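Reader: I am new to this structure and would like to learn how to read its features. Could you take me through them one at a time?

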Amino acid sequence: MNPQPAPGTLLSSTPLPTAFWPTHTTEATQVLYQGVGYDGAGRAVSGSVFLPAGTPPPTGWPVVAFAHGTTGLSDHCAPSRTGLSRLERDHVSRWLAAGYLVAATDYEGLASTGPHPYFNGEAVADDVIDIVRATRQLHDHVSTSWLVAGFSQGAHAALFVGLMATRYAPELDFRGTVALAPLVHLPRLIGILTEDGARPVSILLPFLLAGLRASHPDFDARPYLTDAGGELVDVASTATLIDMFRAIGRQTNDTAGITGIRARPGVDPVLHACRVPVARMDRPVYLTAGDDDEVVPVAVVEQFVADLRATGTPVEYDRHPGAAHADVLAAGHDVVIAWTATLNRGDAPTPPPDFTTLDANGDGHLTEDDFEVFALRLVQAFGEPPGSPTALAIRHHYRLLWWALAARSDRDHDGTVTQPEYLHWLDTTTHDDGFDRDIRPLAEAVVQLVDTDRSGTVDTIEFTRLLRACGLSPDEATADLAAIDRDRDDTVSVAEIVDAVRDFCLAPASGKPGHWLFGRF
């Protein structure tokens, strides 16, 4: 049996019809490349690659990985089969005119086997990154330098790319993220779109309620909806964007049964699971919003901007008066291009001084999102598919560890743990307060992740691979292994991992073994 190709391996290429070419294109190709399926199965993913005019720079064409907005949930909605929408094609042409090669994934499940995991940012972020790898096999003179630009659903994906790109593809030179009209803070966004019963049904809602079933197979909103609303969800499973606009017609939240849907059992947790975690990114981010955006209210984007800035992430933000949702694709693009030029000349931002302690953001407090991102980066760095049982266990137990820590230290119950709250807990806790029991399930999940020979322990090679995936240098990995392997048997047990993590949590310091479990760029 032949081994599965590595993610990003170019499998095939075919010329794209000229009708699909943006202006300033000299060659356009539909590609098929190896992806990582959400469910753990290797999966071919399709996309389009557009070569700009002119002579490449000495270091090769820099790459923009473009993440498209919602087109639909079925194969016939894939842009490489139907072409990008007119506004997205015009947007791509601006990148080409600026001297970027553009690689545009279709996302898994569109024009390829399996369902499309709609609004599962992690599941499609690797598709965005892997088409950059494939493009470097398709064309000569392609730089390792690249950035991601996404619109709407694609902006949601692009922000996940920003969280994981440097860890997932360290051989590439990731420079930053452009997120246009991003669908962020999803629970709040859906709450705003559905609070008024007389408001027309948002085009987002039927696609969202239908598409969530790929990643959350037990989720079904139709029992809460009217017959008309249930029909919209059924139509969304196969409809194109144009079909969906026609199907919605004059439907309102009330007539569809969507009004206040967040309050329905099981809805809010699923929306919460789909949101972009607010955590410090190691590359700059550019966000834009339109004052008249009918899909993403500007207030939602601005709250996300403020939250992201509070983490220490370098953020640029533009608000465009009079711009509706699709208008943001063109608004202020010259400014965006100028911003990306500074990324190609600059270095990655320097982390704040406290970055290597438990407070990975260096912002003075801990949140559930910090732990969500710790899990995301560990799973992605180790190449584990996002929907595998091991990946799901890692996320679940990071989440349980956060809840256990917050239950002990979040004195005002506001969902964050400030530095004074954490220090108060440290001053008043004892080593026998049960914290070990809360750490152990995560330690067991980590052993499951890296114990490739299923021996029940992690040997030196396996543990070194884990530490290197977490961003440690070879010397640091060797030192941490020696400190954690207390019985000197050349293996690391669950109990030894528990000891190291507990000791770090009770006295965070960058030089202590155990810090690796909480991420590092």
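Reader: How many bridges join strand E7 to strand E8?

Author: Strands of a sheet pair through backbone hydrogen bonds, either parallel or antiparallel. In this predicted model, strand E7 (residues 173-180) and strand E8 (residues 285-290) run parallel and are joined by four bridges. Leu180 stands opposite Thr288 in E8.

Reader: Do E1 and E2 run parallel or antiparallel?

Author: E1 and E2 run antiparallel, with five bridges between them. Here Leu10 has Tyr33 of E2 opposite. E2 is also joined to strand E3 (residues 42-52), by eleven bridges, and this pair runs antiparallel. In that pairing, Gly35 faces Arg43 in E3 as its opposite residue.

Reader: In what order do the strands form the sheet?

Author: The order is E1-E2-E3-E5-E4-E6-E7-E8-E9, nine strands in an open sheet with mixed pairing. Strand E1 (10-15) and strand E9 (315-320) are at the edges; each has a single partner strand, so one side of each lacks a neighbour in the sheet. On average, neighbouring strands of this sheet are turned by 20 degrees against each other, direction ignored.

Reader: Which strands does helix H4 lie across?

Author: Helix H4 (residues 153-168) lies across strand E2 (25-36), strand E4 (61-67), strand E6 (142-151), E7 and E8. H4 runs at about 160 degrees to E7.

Reader: What is the angle at which helix H14 and helix H15 pack?

Author: Two packed helices are described by the angle between their axes and the distance between the axes. For helix H14 (residues 389-409) and helix H15 (residues 419-428), the angle is about 85 degrees and the axes are 9 Å apart. Angles of 65 to 115 degrees count as roughly perpendicular, and H14 and H15 are therefore roughly perpendicular to each other.

Reader: Which residues in H14 and H15 meet?

Author: From H14, Leu405, Arg408 and Ser409 meet Glu421, Tyr422 and Trp425 of H15. Sorted by class, the contact of H14 with H15 has three nonpolar, one polar and two charged residues.

Reader: Where is the place of Ala495, and how many residues apart in sequence are Ala495 and Ile484?

Author: Ala495 belongs to helix H19 (residues 494-506). Its relative accessible area is 38%, so Ala495 is partly exposed. Ala495 and Ile484 are eleven residues apart in sequence, and C-alpha to C-alpha they are 9.9 Å apart in space.

Methods: Residues are numbered from 1 along each chain as its sequence is written. This is a predicted model: local features need pLDDT of at least 70, side-chain atom pairs count only at pLDDT 80 or more; totals for chains, interfaces and linings use all residues. Side-chain values use heavy atoms; hydrogens and water are left out. Axes are lines fitted to C-alpha atoms, for helices over the stretch in contact, and angles run from 0 to 180 degrees between N-to-C directions. Helices (H or I, at least four residues) and strands (E, at least two) are DSSP runs, numbered from the N terminus. Angles under 35 degrees count as roughly parallel, over 145 as roughly antiparallel, 65 to 115 as roughly perpendicular and the rest as oblique. Contact means heavy atoms within 4.5 Å. Ala, Val, Leu, Ile, Met, Phe, Trp, Tyr, Cys and Pro count as nonpolar, Asp, Glu, Lys and Arg as charged, and the others, Gly among them, as polar. Two strands pair if DSSP finds at least two bridges between them. Buried means under 20% relative accessible area, exposed over 50%, partly exposed in between (1.4 Å probe, protein chains only).
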